[in-house]
Amino acid sequence: MDLKRELKKHAGLKAMHEEAVADISSAGTPDEVEDARVRHLGRKSGLSQLLRSIPELPDDEKPVVGKLGNQVRAALEQQLADRRRELEEGELSERLATEQVDITLPGQPFPRGHLHILTQTIWEIEDIFAGLGYRIAEGPDIETDYYNFTALNTPEGHPARSSHDTFFIEGQPDVLLRTHTSPVQIRVMEKEEPPVYVVVPGRVYRRDSDATHTPMFHQIEGLAVDRNITMGDLKGTLEMFVKAVFGADREIRLRPHFFPFTEPSVEIDVSCMICGGSGCRACKFIGWLEILGAGMVDPKVFGFVDYDTEDFQGFAFGMGVERIAMLKHGMTDLRMFYDNDLRLIRQF
Ligand code: PHE
């Protein structure tokens with residue numbers, strides 16, 4: 001159907017149509033399109049009024065105006081929708097063009113941290129023992145005298161029990177900051193039946209402060225309890241550990257020592273990673289560096305946790321994390337770990 005030809009039948013509708021078409025085409029924004037809609041199709045528009053007046057029209061005019069009027073309205077609605085979309089798309093492409101971001105410009109750098117060297121060292125050591133089937137266990141930093149000393153077979157009068165070396169909690173003579181991670185040995189064995197294979201990372205506290213001691217430092221404890229455990233297992237385990245941390249060329253040696261809770265006790269040295277064992281300043285010309293204490297669990301300790309000393313044996317070891325990290329990275333002052341100097345921290 002050709003609307004233009006039809007419109008010749010009604011001069012009034014033809015004029016309204018032409019005026020509206022011109023108006024809508026000249027609308028320059030979506031708001032102007034809306035104004036045009038109100039003007040030409042709104043309740044007060046000529047077209048609406050004409051359509052409302054149909055009942056009063058002469059009978060022969062009613063069908064013409066009714067049919068043609070609605071066609072005009074439909075055509076104008078279509079034109080309004082088209083024009084609105086056209087303008088909106090134009091606005092969008094204009095915004096896309098003007099608000100373009102140059103993604104090739106360098107952005108604002110966002111500083112990103114990383115794990116502290118001590119945390120990295122702890123995780124590395126945990127990983128090595130996890131690979132051997134050890135679990136990770138933890139215990140409280142604030143301990144009782146019983147776990148820190150008594151159950152570890154450390155008698156009254158032992159120097160570590162004096163306030164010269166240990167931080168006690170005021171007014172509570174039995175409560176202290178643990179001086180080593182060994183009390184967690186007792187806590188684990190109280191809860192679990194053997195076999196037990198655990199490593200225990202944690203903070204420990206001693207009244208010490210110089211280039212190689214800070215009042216708080218980190219240890220990793222190890223405990224293995226099973227049937228037929230011998231000193232050979234202790235040596236093989238720690239040799240494997242040392243090679244994993246310091247390199248396959250390193251060797252270890254065991255020196256007799258004393259700890260109240262292991263019998264026999266040893267200190268373990270690693271062949272100097274600087275000179276390879278021939279002697280240098282780092283190893284004080286000895287060729288060996290001390291890295292940890294260890295020994296076979298004293299049966300008296302098993303007595304405190306009701307383990308059967310006929311069936312079970314064990315070994316334990318304890319190492320200072322700071323010391324391992326210092327040796328590994330050739331650092332000379334332990335306090336550097338806690339200075340928060342980014343020049344150091346960023347190197348690891
Ligand atoms: N707890 C001891 C220390 O802090 C180290 C150690 C742990 C020795 C386990 C033997 C067995 O010096």
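Colleague: Is Thr-181 buried or exposed?

Modeller: Happy to start there. Buried means under 20% relative accessible area, exposed over 50%, and partly exposed in between, with a 1.4 Å probe and protein chains only. Thr-181 has 0% relative accessibility, so this residue counts as buried. A word on the source: this is a predicted model, where local features need pLDDT of at least 70 and side-chain atom pairs count only at pLDDT 80 or more, while totals for chains, interfaces and linings use all residues. Residues are numbered from 1 along each chain as its sequence is written, and side-chain values use heavy atoms, with hydrogens and water left out.

Colleague: Where is Thr-181 found, and which residues is Thr-181 in contact with?

Modeller: Helices (H or I, at least four residues) and strands (E, at least two) are DSSP runs, numbered from the N terminus. Thr-181 is in the loop between strand 4 (172–177) and helix 8 (183–191). Contact means heavy atoms within 4.5 Å. Leaving aside neighbours within four places in sequence, the contacts of Thr-181 are Val-200, Pro-201, Gly-202, Val-204, Gln-219, Ile-220 and Glu-221.

Colleague: Now helix 2. Which of its residues are buried?

Modeller: Leu-13, His-17, Ala-20 and Ile-24.

Colleague: How do I read the crossing of helix 6 and helix 11?

Modeller: Axes are lines fitted to C-alpha atoms, for helices over the stretch in contact, and angles run from 0 to 180 degrees between N-to-C directions. Angles under 35 degrees count as roughly parallel, over 145 as roughly antiparallel, 65 to 115 as roughly perpendicular and the rest as oblique. The axes of helix 6 (residues 117–130) and helix 11 (residues 321–329) come within 10 Å and cross at roughly 100 degrees, so the two helices are roughly perpendicular to each other.

Colleague: Which residues of the two helices meet?

Modeller: Ile-117, Leu-118, Thr-121, Ile-122, Glu-124 and Ile-125 in helix 6 meet Val-321, Glu-322, Ile-324, Ala-325, Lys-328 and His-329 in helix 11.
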